[in-house]
Each structure stands twice: as C-alpha cells, then as structure tokens.
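These notebook entries record what I looked up in one structure, topic by topic.

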Amino acid sequence: MAAKRLRGIPGNVESKGRRMRRNLQAAAWMAALPAAAMAQTVVPDGQTVPFYDFSTDSQLQARGPALAPTEQADDNERVADGTIVRRPSSVTRGPGSSIQVTGQPSQQGGAATILADDLTLGADNTITASNGVVIWYQGARLVASRVTYDGTTGAATIDGPIHLTQPGTAGSEDEMVLIADSAQLDRNMQDGILRGARLVLARELQLAARQVRREGEGRFTRLDNVVTSSCRVCAEDPTPLWEIRARSVVHDAQTQQLLFDRPRLRLMGVTVGALPWISAPDPSVERMTGFLRPAFRTTSRLGFGIKLPYFITLGDHADLTVTPYVAASRTRTLELRYRQAFSNGAMEWSGALSRDDIDPDETRGYLFGAARFELPRGYNLSLQVQMASDRAYLLDYDISDADRLWSGVTLDRVRRDRLVWARIGNYESLREDEPASLAPAQVADAYWARRWTPERLGGIANLQWSLHAHRRPSSVDRDGRDMARGSLGLNWQRSEILPGGLVGQVETQVNADFYRIRQDSEYEDWIARAYPTLATELRWPLARHAKGVTQLLEPIIQIVWSPKRESQDKVPNEDSRLIEFDEGNLFSLNRFPGADARESGFRANVGLAWTRIDPAGWSIGLTAGRVFRNTVDTAFSSSGPLGGKSSDWLLAAHYSDSSGLAIANRALFDNSFSISRNELRAGWYNEKVMLSAGYLWMDTDEREARLEDVSELTATAGWQITDGWWGTAETRYDFASDRAQKAEIGMQYRNECVTLEMALERRFTSSDNLTPDTSFDLGIRLGGFGKQKAGPGTVARRACLR
C-alpha cells in the first residue's frame, strides 16, 4: 500500500524560514535573523510529526512525516485472556482534506512599520533611523539604536545593541532570538556579517560567537569561535555545567542541522572530549537520520553493556532503528524496529536476535508486530504478531513481562447502534504451569450486536449473536478437547418513573447456544440449550441538600428468574472460570463473564447505595448488597462468594477529594464477618505526587484453580523530591509467599541543560528457566539538541546572584 500525503492544519501554517527569507528581501535588518525551516530530524526517541506548507492554491497540505511520537510500553493493553495488545504508532491526521487559509496575504512585498525618535533622509540617498529604533515587519520585531540604509548600494548598517525576535512565537518551541553588537548587510539583503552576536534557538540552545556570517541567501548562518550550551550562564559564574567550544558552527536553516568544526566538550570548564567534526539537530527538529542517545545497562545475568541506537529515516512515512547491544562479552544482540505510516493506518515491527552466555548454543530472539488500518464503511483491520524463543528472553532483555502471546487478525466496526467484531489467531503460552499441548492454540471469535427501540413496546431491545471455536494441539481424550459454539441472544428492557418517585424496570432475555465438542468423552458431541430470563427491578432514589451538602440514598431490589440448569445441558466451562462479584454486576442477570456458564433459578439481588458530596470538594460513597436464591446454583463454587442460597455480603466504598486523592475498597464477607475477598486501591495524583497502589486478598478456590490464598500488594509511585529531582518506585509483594516478585526504584534529575535518568530493578521470579535478576539502567541526555518531551515534576534552574 503506497503512502499518501495527509492533509491537516498545523499550529503554525508557514515555516519560519520562509517568513524570514521574505522579510530579509524587504528590509536589511531582517537579514540578521537565521532562517528556521521546519525540517525533519530525530530526537532521543525518534519522533515524527507532519510538515505543512503552502501549495499554489493557498490550501494546506501535509507532505511530511506521518508517524506519531514513539509509543511507550504503558500504551499497550492487557486483555482478559492474559495477552497484551500492542498498538502501532498512530497516524497524525488533519480534520479535513483541505483548509482555506485566512489572514494576512503572503506576498513578497509589504510595508514595514518603523518607530524611532529621529528619522533623517540624507543627500547621498541614505535613510537613517536613530534613538530607540523599533521596526516591525511581517511578525518580526527589531530593536536597535541606529539603522542606516544606503539606497544606492543597497547596503544596510545596523548599530547595536541589536535584538531581533518574533513576538508571535515568544515562549513557544519555535522562538528565535538574535542579539548582536552591530551588523553589515550587502546588496542582496540576505547575507551579511554580525559582530558580537548571540543566537538563542527555541529558548533552549545558545550560541555565542565573535562574528556571525550569513550566506547562501540566508540559508546558512556561520558562527566563528563559538561557544554552545543550553545551560544558564551567570555573570558571576560564567562557566556552565557543559559547553561545546568549536572553531565554527554552521546552522543550516533548510535541514535544521548544526555542523560543528573541531568541537570540544567541556564539563564544568574541563575538556573531556574532542572530535574533528560532528553534526546535531537544532531544538526544533523532530526527525533526522543519526545516532540516538546511548543507554547503559548492567544486569546480573549479562553484566555491563551499552546500547547505541541508530535512527534511519526512510522517506516521510517510514523509519528504521538499528540498535546493537553488547554486554561484557556475554551477549551480542542486534535490535531492530521498523515503522511505517499509510494514508489509512500504521504498522510497527520490533525484534532482536541474540547470542549470549545464558544459552551458549542457542540463538535467542523475539518478533513483535502490530498494524491497524481503516477500511471502507467504517471497518478497522488490525494485525498482531508475537513470537519469542522463550519467556526468559523477554525478561532478560527487559522487553515484556507477557506470559501469553497472541498472533492474529482482528476486524471491527463500532456504530451508535451496531457492533461488529471478529478475530482469528494463535495463542502461545509461556507459562510453566500451562503445558502448550493442553492450552487452546488456534482460536476464532466473531460477535455481532444491534440495539434499537421497538415502536410499540418502547424501551431498548438488543440482538446479538456470536461464534467461538478453539483447538488444542493434543489428541488425547479430554486433555485435547476441541470445541465450537454458536450463540444467539435477544434482550429487551424498559424503565418508567412510578408514583412517589419510584423507578421501575422490566427486563427479559433469551439466550440459545449450540455446541460441537470433540475429543472429550465426558460430553456429548452436539449440545443445544436455551435459557430464558425474566427480571423486574425497583429503585427509590432519594436526595437531600442542606448547607451545601448533597446526599443521595437509593435502595434497590431486583427479582430475576430463569429455569433451573439441567444435567443434559452440561457443557465444558472454558470461558467463565474466574468470576467477579462487585458493585458493577450486583444487578446483572448473569454474573459469568462468558457464555459457557449461566446463572439459573429464582434469585433476588438487593442493594443500597449512599453518596455524600461536600462543598469542600470531597465526596464519599457506599454500596452494600447481597444475592438471595431459593435453591443452590451448582454453577458456582460452594466455597465461593456466590455459592449457597445466599451470597457473601458485598460492601464497597469510595472516597475522592480535590487534592487528587482517590481511595476505593471492595470487600466480600459472610454472616460471621469472615472476609473471603478484599480489594483496596488508592491513587493520588497532582504536580508533586503520582501514586497508584492496590492490595488484594482472595481465599483458596479449587474451582478457579487457586490452591493457595492470595495476598498481594502492587504499588507504583512517583514524587517530587526537590526541584529537578523526581523519584519513582514500583513493587509487587506476595504476602502469602512472604517474598517480593519485583522491586524497582528510579531517579531522574533535570535542569535546563541536562537530564540524568537511572533505575535499579530486582526481579525475584525463579523457576526452571528463570533466575532472579538485578539490573541497573543509566541514561544521560544533553538539552538543546532535537525536541524533547517534558518529564514529570519541576526543572531545577541555576540561580544567578543579583
């Protein structure tokens, strides 16, 4: 599929380089500003965004990179079956095919506005403006003490101090400031010499030089005897944290590159390295071929190592990252990542091949790929590929903690009243307690649903059908059971407001299933069953408002009936092994997550909800409920929270306030207050604290393959230690086994010119193929070269004495 140019509207519709070049043709003082075309380049993560320009018909067209910034691992989703859905880099799009440009015309000519105390027309055909000279021309502002224009030769002389800016870009990433003592421009109004100049790019990178020369009709800006740094320089202590001193630096406004001749890197005034030459992107660059920042990594299994990624642009809509990884002569690894954007989607492939001392005689590796495309009539097609030589490889090389891999194709379409979803693929289990021959491998699913309002009955009706099939590699009876299922469901519900403020609702549904079972003598080959369900619900919402406090109280009762499950309807339960019981499904007609198991019999769902909203900005809520049955439903475990004639009590509470703190707890307990399950979650999010923590307790349950109690804590935190310092911590602790599964602590320091990142991680997991492992990662990034993402917390800045 060929890549097409995307159309859209940018925040800045015309490149600064083009504006600057027009300005320089009209006024001599404008030749002093380096042009700043929005070309493509690379940042430490290899990001890409669209490049917009004017076409001849004055419409906006996108003609540049269409890949979005590099996705992070957190952008992937773990779905209910334990697999991870990887998302390809998204495509940047505009709101329409074309946008008419309005505003000021872009003609070459145009009058400049001059403000000065004195303006003199000389007899020798010269014009002199002096004393507080301020000149505005097409978005640029020049401040100088004196400007002299020679009408005969076309030369312009500017006396400083000179200060040239674009007020419209002040404070933005496109801001450029040029300060000089004096300037002399030649006839072409583009080129010239500036003395005692300092150039500031995007408010990040400063270049100070004795002399600045502009050449190539304003494209090239050459600085001689230059000092470059993004650190703040104080008059009392002019030595920055780091600086690059060079014989010359050439800034190419078209490619947005900086070319250093004989550069020397100095740290706190001490030279630590030198090269004959080096090129780097300026702060406005998004995407460019070149080396990314190196990463240093030390692990107990691989030793000390270094990664040196090299980013390659393959046109405007594709790129390739090649990363060699060498660690203490214990591994030789080559990592690859390929991305491409299309007019209707994007794809991303990543993989690696390794030869290491962990498995000396084996070539280890992995391949992950993801793609998503928009099809006609609102359909979306997704592709995912996940393969790995072993799970230990994914953990050893810090790729993923996935223990089930899924590869396949998905087709979906979502509308207001219709849903179509289908996928087919292959599962690969990496779990040691789940033999590959006994787990479903090839799986296919399809689902269709429609919702509408019946004309005579009113309310809402839903019709859905689904298909499911899976196959196991084993041919052994029972262990190699293969199954296919077709299901059809019809649901209708209607609610009305009754006298006294009561809200009544009736609901009915019919579900029919057809099964084909192979390689399991315990079940019939063909099974057909149908389950009708009737339900009525009554709510009484009550509200009270006094002294700014609002309280809501709502008692609810729901009566549900469906025929008792018969023995001839027995089918293998493949998709409803793990059952949740919470406030979200307390009033559901069926609490099983899949279709293989369904609730039956006569039951009553009873609950009470209370919420208090305080004007101080906090709120609290409680939900309590229970399920009562006339007979025991054998579909549930007798020891589970939904077993017996009455379920465990459900009590859920939540709290939130304006400071960003949120707490939620859900507990299940019996009449003797013995807790069978409890889940506590807390979150706190503001500028200085990011906290997410959860604690889970679950009793043993053989029906859910849980042979031991679960008592586990997971927590992720980030906090502002002090200005510039941001700390992170993550842990997963198993109280039942009295050991941690994972622990990680990280630290980041950021100031205006450097970012230092380090992380220490310990993985305690051990098995026949896995051993505990400790890793340390270190990354250093100098500011001012390529666009960089803003991190959490504040930035430390050097304070200057006044």
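**Entry 1: the disulfide.** What is the torsion about the S-S bond of cysteine 231 and cysteine 753, and is the disulfide right-handed or left-handed? I find a torsion of about 85°, so the disulfide is right-handed. The bond joins cysteine 231 to cysteine 753 with an S to S distance of 2.2 Å, where a disulfide is a pair of cysteine sulfur atoms within 2.5 Å. By this rule I count one disulfide. It links distant parts of the chain, 522 residues apart: cysteine 231 is in the loop between β13 (220-229) and β14 (242-252), and cysteine 753 is in the loop between β45 (739-750) and β46 (754-763). I then looked up burial (buried is under 20% relative accessible area, exposed over 50%, partly exposed in between, with a 1.4 Å probe and protein chains only). Cysteine 231 counts as buried because its relative accessibility is 2%, and cysteine 753 counts as buried at 1%.

**Entry 2: basis of the values.** I note that the model is predicted, that local features need pLDDT of at least 70, that side-chain atom pairs count only at pLDDT 80 or more, and that totals for chains, interfaces and linings use all residues. Residues are numbered from 1 along each chain as its sequence is written, and side-chain values use heavy atoms, with hydrogens and water left out.

**Entry 3: the chain.** I find two helices and 47 strands; helices (H or I, at least four residues) and strands (E, at least two) are DSSP runs, numbered from the N terminus. Buried residues make up 42% of the 802 residues. For contacts (heavy atoms within 4.5 Å), I took pairs at least 6 apart in sequence, and 50% of these join residues at least 24 apart.

**Entry 4: nonpolar cores.** A core here is a set of buried Ala, Val, Leu, Ile, Met, Phe, Trp, Tyr and Cys residues joined through side-chain atoms within 4.5 Å. In the largest one, of 33 residues, Leu207, Phe260 and Phe785 touch the most other members. Leaving aside residues up to four places away in sequence, the contacts of phenylalanine 260 include Ile244, Val249, Trp277 and Phe785. A second, separate core of 15 residues includes Tyr325, Leu394, Tyr397 and Leu430.

**Entry 5: positive phi.** Which strand holds asparagine 131? I place asparagine 131 in β7 (residues 126-137). Its phi is positive, about 65°, although it is not a glycine, and it is partly exposed at 40%. Arginine 262, in the loop between β15 (257-261) and β16 (264-267), has a positive phi near 55° and is partly exposed at 44%. For reference, most residues other than glycine have a negative phi.
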